[in-house]
Amino acid sequence: MDDASHAALVRAGGEFGPFDGRVWFNTAHQGPLPRAAVIAAERAAALKAAPYRIGDNDFSEVPERLRGLLAQLIGSPTEEVVLGDSTSHGLHLIANGLSWAKGDEVLVIEGDYPATVLPWQRLARSGVKVRSVRPQYGLLSAEELAAAVRPRTRVLAVTWVDSFNGRTLDLYALGETCRQAGVLFVVNASQAIGARPIDVSTTPVDAVVSCGYKWLCGPYATGFSWLHPNLLDQLRPQQAYWLAMQAGRGLDHMRETVVRDDIGVRAFDVFCPANFATTLPWMASLELLLEIGIDRIAAWDQQLVDRLVDAIDPAKYQLLSPACGPTRSTLIVLSRKDGTTEQRYHQLADSGIDAAYREGNLRLSVHLFNTIEQVDQALDALHTPIRES
Ligand SMILES: Cc1ncc(COP(=O)(O)O)c(C=O)c1O
C-alpha cells in the first residue's frame, strides 16, 4: 500500500469509534457511523428541533444530492438510482413492478439470504415459480446457471457476497450467461458495496440493490437500488407518492393530483426520501468513503483478511470462507474442529471482540476502521484455550 493510501486510511480510522474500547469485527451485521455522520445526525436533530431551519427546497435537493453520491459510488448516471430504506425495498420494487404470467420462473441459489428470496416467493399467488439451484461447490458457476435456465426463466436473483459463507459470486460470468439467455440479473450487493468496487456501466447486471447500514457505514433504514434503463422501462411503480408527483413544482402549489409517468426513478423512491435524520448522516458517510476511495478501502480490508486467514491454525479451525482469490470477501467464516464454535464466540465477546455467530459458525468481518493490531488481538483470542465457566 502506498504512503498516500496508508495516510488516508489512518485518517479515516480516527473517524470511527472508539467503541468503548471494544473491537468491532461485525460490519457484515452493522457498519458503525463515522464521526462526520454522527455530527450530521446531530445537525438533523437540531434542524427538526427548530424546523424554520429546514427550507422547502431541502425536501427535493437533499434526496438529489444523496442520489448523486450513490451514482458516483457505482459509476452510474444519477437517473438510474432509486432511493430506498433497505435491501428489501429495492428487491420488492423489482419483483412487484415486473409483469408476470402464470408459469414464469425465478432462479435463486439454495440457502441464499432470505431477503434475496422472499420477494419472489411472494409472487406464488400470481403463478410465479421460484426454483432453487444448488451449486456443486457452494458457489454458482456460469455453467451451472446455463444448465438451470429454462424457457420460462425470467430472473436470476442472487446475493453477491454470501452472508453465511463469505463467498463472492462472479458477476461477469453469471451476467454474461443471463444476457445470452435473456434472463434479468438482479444482485443483492449488501455485503459487498463499500468493501469492493463496482462499476455498473461495465458489469453485465440489470439491478444492484444494497442496504446502506453495513459496508457503507450509514444509519439504519438506508438503502438504494440501481436499475438498468432496460429494466426501468419494464417496471411499473406500485405507488403514487404525492411528493414525487410534485417534481418541478414548489410546495406553494400542491392540489393537482395527476399520476405522472415522467418522473423516472423517482416513481420508485421510498416514501419521505428526504428523511433528514437518515439522509444527512448517510451522505456524510458516503462522502468519507468516496474521499478515501473504494479501491483503497478494498485493498486495506483485504490486507486485514490476509493477516487473519494466514494465521488461523488449520488444526483447530476449518475456514469455510475462501482463503484467497477473487471469491474471497471481507467476511471470514470459521468453525472449531473440536465443536466449541459457540463457546469461542462467547469467549471472544467476553474479551471485548464483537463478531457474529451465524448458522453454527463464527463470522468475523473487517472494514476500513479495523487495524492489524486488532486482527492480532482476535487471533490471540481465537487460539487461547477455552475458559471453563
Ligand atoms: C445479504 C443481505 N441482504 C440483506 C440484508 C438486510 O436486508 P434489509 O436491508 O432489507 O433489512 C442483510 C442483513 O444482514 C444481508 O446480509
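Author: The C-alpha centres of domain 1 and domain 2 lie 27 Å apart, the domain bounds coming from an automatic or database domain assignment. Domain 1 covers 3-32 + 293-383, while domain 2 covers 40-290. The contact between them takes 26 residues from domain 1 and 20 residues from domain 2, where two residues are in contact if their C-beta atoms, placed from the backbone, lie within 7 Å.

This is a predicted model, in which local features need pLDDT of at least 70 and side-chain atom pairs count only at pLDDT 80 or more, whereas totals for chains, interfaces and linings use all residues. Residues are numbered from 1 along each chain as its sequence is written.

On the side of domain 1 that touches domain 2, H11 and strand S10 (331-336) each supply at least two residues, and the largest share, 5 residues, comes from H11. Helices (H or I, at least four residues) and strands (E, at least two) are DSSP runs, numbered from the N terminus. By class, that side of domain 1 has 12 nonpolar, 8 polar and 6 charged residues, with Ala, Val, Leu, Ile, Met, Phe, Trp, Tyr, Cys and Pro counted as nonpolar, Asp, Glu, Lys and Arg as charged, and the others, Gly among them, as polar.

Helix H11 (residues 294-311) also meets helix H13 (residues 372-383), their axes coming within 10 Å and crossing at roughly 20°, where axes are lines fitted to C-alpha atoms, for helices over the stretch in contact, and angles run from 0 to 180 degrees between N-to-C directions.
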